[in-house]
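I opened the coordinates and went through them one element at a time. These entries keep what I looked up.

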Amino acid sequence: MLPSWAVVVLALAGVFVTGAVLYYRSEVARLTRVKYDELAAVSELKVADIERYRTSLLGNALRMMESEMFRRAVADWLIDPQAPAPRQTLRDRLLGEERWSNLYGVALRDTAGFMLLAGRDDLPDLPTPTTNDAISQAMLARAPATSGIYRTQDGGLFFDAVAPVVDAFGKVMAVVVMTANAREFLLPYLQSWPTPSPTAETLMVRREGDDVLFLNEVRHISIPALSLRLPLTRTEVPAVQGALGKRGRIRGYDYRGLPVIAEIRSVPGTAWILVAKMDEAEILGEAREAAAVAGLSILLLFIILGAVATFVLRHERDRNRHQAQVAMLASERKYRDLVENAGEGIAVVQGGVIVYANAVLASTLGYERAELSTLPFLEHIHLEDRALVLERNARLARGEAVPKTYSVRVRRQDGRIRWLELNAFNLEWNGQPALLSFARDITEHRQLESIQAARLRLQQSAMDQGLEQLLQLILDEVGTLTHSAIGFFHTLGADQETLTLQAWSTLTKAEYCTAEGQGTHYPVSKAGVWVDCIHQRQPVIHNDYAALPHKRGLPPGHAPLIRELVVPIFRGDKIVAILGVGNKATDYDETDVAVVAQFADMAWEIAARKFAETESQALESQLRAAQRLESVGRLAGGVAHDFNNLLTVINTYTELALARTDATPDLRADLEEVHKSAGRASTLTRQLLAFSRRQILQPKVLDLNAIVAGMMKLLKRLIGEDVVINFVAASDLYATRADPGQVEQVIMNLAVNARDAMPNGGKLLLETGNVHLDDEYAAHHVGVMPGDYVMLAVSDTGHGMDAATQARLFEPFFTTKGPGRGTGLGLATVYGIVKQSGGSIFVYSEVNQGSTFKVFLPREGARPEAHPESLPPMVTTTGTATVLVAEDEDAVRNLIKRLLVKAGYTVHVAASGQEAIATFAQHADLIQLLITDVVMPGMSGRELVERLAVTRPGVKVLFMSGYTDDAIVHHGVLEAGTHFIGKPFGTAEFLKKVGEILAPPKTG
């Protein structure tokens, strides 16, 4: 029979064993719930981050798809894929997008997936079936789409964002394929786990036919991604159940056949299924550890209660107690190691102070752990977020339900701001209430979200804002993201020598800087340290500006600099612009460089697009002005033609009437007034013909310096003494081909125009020079052909002109002078002469700053022709020859016959070309001169001459017309050996011309 004490001991042992079993089971259930919650939290977090990453890629693809500038670049390149300029522009855009979005590659492919053009040359030409599926989906939806993960032949793992690029008619020109490297973000993120665990892992799978394909490497079997497949019949596997539609918490067996618990989630917008799982053995192991600790404690108590028998039992009790303490210490070390090595910050806050912090949190805040307990924990929280933290902690202390996580800003010891995602719980610490907080650093994630939001805001503003406003908005966004007080954007000239300020940030203009603003030029050679990025051709940080030995004085009103960061913007091998920020409260670092670099590229894209739009508008304005002048010129030429016939009759009959001796003095005076008015009308028609480029030019190779120098005395008398006139002649001036008399008319009219702009006197400067107008200049000036030119510049110090006046300056009858002070034909005449001579004229003027007219005449290779020093011999105005006159206007025809008959000539007349042929046939042997109008109905004068030359080669001809067409001239220049007289003409001028033609040739 057992002693009573043994019975008691056995009874107690039975109670204790039963309690241990029950405790073990309850611990298994509790730990299972905890692990399920952990799997759910991890799944939720990872699905959300993967969805955000995919949405960001789709957003970048949508931005390129909707970019008008990108679509134009694609269309321009597709017109001529071998053209170097459009090809390089498009490659730069693709490469810039690759760097901007941190992608493996960005390429333009055709609708079948084959490579058209890539930012880099090493991207594969052939598409994958997965990429082609995404292309088909994007084209069908006319919207961006993402592909599944796929493996390349070299073992790389990638997935794509695809967007169609459509033309103005909705036709797909190409597709842009943005390729992300799955090994850089997606797969490492899937394989990570927030806390140490020997078995936990995250799997991403998708259904393919009757199988489930594992997209990432698995933890417990060495097998590449996209290689492990399980049939759908393996329904005990959580991944298979996920492919069959199961979601949420589940028990099963994994790909190894081991029992696991799992959480199954879908990744929105994709066929991907995320499975977070953990071995049940891990849960049971932790439960056994807990039960073992509890069992040892119970056994220790049992030994204490039963240690009544012998010294041996007391000794056994002491030994077991020691073992339990060792186990507990080991367990404490295990959990301390778990906390210390956690991937996120962990802190215990008690009494308003951080009484415990792991190494991750201390590093995040920039303190030694011992220092953290010396400051109230609120000191680390950003001032604007302290109320939120206090409110959350108070609700937790009252036991209220609050969201599991929330985000706040903290201030590091060095002053930098970081974003933390907090998850806090109540606990006891050393017997007193405390708060356990888990802190995950999400600064980069928040910064990425801020950048994407800023880019979206800027894209929405791009259509409604001007260039300076858009650049200012970009600088404001960069200033906010980098906490900078100063922001600036400069463009660099094509010569890489001159910077031009385009914009400052709003804060810079409002509070810090009063120096000169937009448009200010800075020679790179004389600028300060802020152009170091140009010299070094890379981003430059100056966190110690005051200590720099090579800093230079800033312009008056410039903000004092403490520190700065400046980034160069490259297109090809040239720096096109720089973007800089300054005066951040703390030092700039590489994170700031990445932010500024992204927005610098965006700033240049916007600036380049706006520059192109402005240039296009300017060219359109020039073209409209040229077309308007051309249409007015055609009208003016037609009016001058008809008017000149009338003036010829009025002029000549008036001269005939004045030649009569029986005219009374009063009648003679009246006739003289008529003759003067007809002369003024003739001048007006000549000016209209000059403007409309329908006058007859007789060009010669001439020296422009000699022309201007020969006119200086006349100009000084014409301009007056209150205007100082100077002539600066270029040495070795090119020769040019032009009508000397017309060139003198140009100089005269420009000088008179300058004089009228200086009513109170001033300075007039005439300059000549050799210039080369290149392709770029020609592209910005309508009607200009690249090449060498002779330049004549006429500058005055007068009142200048506004843009509206300059736009109409060369229109006929447009004048800024008062009534009766000008016809408005002076500059119109200049315009017509210059254009008809193959040149161009441009004006540069500002109100109250004077004006400069620049005339460009084409260079001529021949030497200037010598001008005759003596007058030609007199030619008789009477004769006995037989003349045929062909003129459709009755009044003009009768007048010419009367003049010729009176001068002694025998005259036959014809009212048309056909009548002239018939008349000529009757008198072919007698007719020595044909006088014909150029423009006649039915048959032109040129056609008449060609018909007559068949029967009578070499017959002398005098053409006459009120304006020119291309019948006897080429662009207004008289063909060699052609005789011409312009209407209206006087009696003496006409008879002299006839006498010159009929005069016998000189001999000897």
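**Helix α24 and its cover**

Exposed here means over 50% relative accessible area, buried under 20% and partly exposed in between, with a 1.4 Å probe and protein chains only. Helices are DSSP runs of H or I with at least four residues, strands are runs of E with at least two, and both are numbered from the N terminus.

This is a predicted model, in which local features need pLDDT of at least 70 and side-chain atom pairs count only at pLDDT 80 or more, while totals for chains, interfaces and linings use all residues. Residues are numbered from 1 along each chain as its sequence is written, and side-chain values use heavy atoms, with hydrogens and water left out.

Next I listed the buried residues of α24 (residues 913-922), which are Gly913, Ala916, Thr919 and Phe920. Seen down the axis of α24, these buried residues fall within an arc of 120 degrees, so they line one face of the helix. The arc is taken over the directions from the helix axis to the C-beta atoms. The cover over the buried residues of α24 includes β31 (882-886), β32 (906-910), β33 (927-933) and α25 (941-951). Contact means heavy atoms within 4.5 Å.

I then turned to α25, where Gly941, Leu944, Val945 and Leu948 are buried. They cover an arc of only 95 degrees around the axis, which puts them on the same side of α25. The buried residues of α25 are covered by elements including β31, α24, β33 and β34 (956-961).

**Helix pair α18 and α19**

How are α18 and α19 packed? I find α18 (residues 704-719) and α19 (residues 740-756) at an angle of about 40 degrees, with their axes 10 Å apart. That makes α18 oblique to α19. Angles under 35 degrees count as roughly parallel, over 145 as roughly antiparallel, 65 to 115 as roughly perpendicular and the rest as oblique. The axes are lines fitted to C-alpha atoms, for helices over the stretch in contact, and angles run from 0 to 180 degrees between N-to-C directions.

The crossing of α18 past α19 is right-handed. A crossing is right-handed if the near helix is turned clockwise from the far one by less than a right angle, and left-handed if anticlockwise. On the α18 side the contacts include Leu704, Met711 and Leu718, and on the α19 side they include Val743, Ile747 and Arg755.

**Strand β7 and its partners**

Five bridges join β7 to β12 (residues 273-279), and the two run antiparallel. β7 also pairs with β8 (residues 211-214) in the antiparallel sense, over four bridges. Two strands pair if DSSP finds at least two bridges between them.

I followed Val205 to both sides: its bridge partner in β12 is Ile273, and in β8 Val205 stands opposite Phe214. β7 and β8 form a hairpin with two residues between them, and Gly209 in the turn has a positive phi of about 65 degrees.

**Six-stranded sheet**

I read the order of an open sheet of six strands as β20-β19-β18-β23-β22-β21, with antiparallel pairing. Its edge strands are β20 (521-523) and β21 (540-542), each pairing on one side only. Neighbouring strands of this sheet are turned by 25 degrees against each other on average, direction ignored. I looked at β18 (residues 486-492) and β23 (residues 574-582), which pair over six bridges. Phe488 stands opposite Gly580 in β23.

**Two single residues**

Leaving aside neighbours within four places in sequence, Glu98 contacts Leu103, Tyr104, Gly105, Val106 and Arg120.

Pro231 sits in strand β9 (residues 229-231) and is partly exposed, at a relative accessible area of 35%. With neighbours within four places set aside, Pro231 contacts Asp210, Asp211 and Val240. The C-alpha atoms of Pro231 and Asp210 are separated by 6.0 Å, with the two residues 21 apart along the chain.

**Totals**

I noted 26 helices and 37 strands for the protein. Of its 1004 residues, 46% count as buried.
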